[in-house]
Amino acid sequence: MEKYDKILDDAMAMAREAGEVQMKLYRSGHLDIVTKQNAFDVVTAADKASEKLIVERINMLYPGHSILSEESGVHEGDSEWQWVIDPLDGTTNYSNGLPLFNVSIGVKHHGETVVGVVYAPALGEMFHAVKGGGAFLGNTPLTCSTKTALEQAVVSTGFPYDKAINPDNNIDRAARVIPVVRGLRRLGSAALDISYVAAGFLDGYWEMNLNEWDVCAALLIASEAGARWSDFRPDRNRSVVVAAPGVYDELLRLVE
């Protein structure tokens, strides 16, 4: 575990720097918003500037490490190490002036995620974990919820970018879950959803058609906080359910 601590410190420093970039443009009206796959899938100047900063820092501190990033794809390098980056997760929230967005940085060693950082700059929340070392919000150790019944649970979900053209769009699953939970939320940032399960702020979360950079860092944080998770739809990219152990089986049955 100790050999990863320096990487964790550097990843948190990168996340803070990227967060500063985002906050300078946040609610500024100078975001240069453009769409990618469709009108629901947007990217801003802050996404690009954040990614550029993080990639430059990795190349400077860890030359040769490979990088997988949302905006620029794969940067080939040493197959032993891979940094998995979502420079701005929750871009729709960010572009609308909502504070639920984050920088997500995961680091894999021999294919296993060993460092995870999720930083929400507008909220001042830094979630982080090292494999085998527990999960933290700042300096506070995290433990997931101890709830054991969905009727007590507050859970969250999201909907894929192809929701308008693909009937496999999660609406049916949401309809099954809503009647049996205390509350259903839609935060708009997968990494924050999962980190909030780790912290016990949410009791469960599921979503389909995500990407590796959406979940890499946060799933380590959730695991280290005691949450359970699985990929429940291998035919829809990364489709994950994450929950406190006491409600995991029940939630999984409803959404798979």
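**View 1. His109 and Glu80 meet through their side chains in a polar contact of 2.8 Å.** A polar contact is a pair of N or O atoms within 3.5 Å; within protein, one must be able to donate a hydrogen and the other to accept it, and residues adjacent in sequence count only if both atoms are side-chain atoms. This is a predicted model, in which local features need pLDDT of at least 70 and side-chain atom pairs count only at pLDDT 80 or more, while totals for chains, interfaces and linings use all residues. Residues are numbered from 1 along each chain as its sequence is written, and side-chain values use heavy atoms, with hydrogens and water left out. You can find His109 in strand S6 (residues 102–109); helices (H or I, at least four residues) and strands (E, at least two) are DSSP runs, numbered from the N terminus. With a relative accessible area of 10%, His109 is buried. Here buried means under 20% relative accessible area, exposed over 50%, and partly exposed in between (1.4 Å probe, protein chains only). Not counting residues up to four places away in sequence, His109 touches Lys3, Tyr4, Glu80, Trp81 and Val114, where contact means heavy atoms within 4.5 Å.

**View 2. Ser66 reaches the backbone oxygen of Trp81 with its side chain, at 2.8 Å.** Look for Ser66 in strand S3 (residues 65–69). Its relative accessible area is 9%, so Ser66 is buried.

**View 3. Glu51 and Ser69 have C-alpha atoms separated by 7.6 Å.** Along the chain, these two residues are 18 residues apart. Glu51 belongs to helix H2 and counts as buried, at 8% relative accessibility.

View 4. Lys52 is exposed, at 52% relative accessibility, whereas Glu56 is partly exposed, at 38%.

**View 5. Asp203 and Lys147 form a salt bridge, with their closest N and O atoms 3.1 Å apart.** Asp203 sits in the loop between H5 and strand S13 (204–210), and Lys147 in the loop between strand S10 (140–141) and strand S11 (154–157), so the pair ties together parts that are 56 residues apart in sequence. Asp203 is buried, at 2% relative accessibility, while Lys147 is partly exposed, at 25%.

**View 6. Asp168 and Arg236 join their side chains in a salt bridge (3.4 Å, N to O).** This pair links distant parts of the chain, 68 residues apart: Asp168 is in the loop between S11 and helix H4 (171–177), and Arg236 in the loop between strand S14 (228–231) and strand S15 (238–243). Both residues are buried. Salt bridges that share partners connect Asp168, Asp172, Arg173, Arg233, Asp235 and Arg236 into one network.

**View 7. Helix H5 (residues 190–199) packs with helix H6 (residues 212–224) at an angle of about 5°.** Their axes are 8 Å apart; axes are lines fitted to C-alpha atoms, for helices over the stretch in contact, and angles run from 0 to 180 degrees between N-to-C directions. H5 and H6 are therefore roughly parallel to each other, a label for angles under 35 degrees. Residues meeting across this contact include Ile194 in H5 and Leu219 in H6.

Methods
Parallel < 35°, antiparallel > 145°, perpendicular 65-115°, else oblique. Salt bridge = Lys/Arg side-chain N within 4 Å of Asp/Glu carboxyl O.
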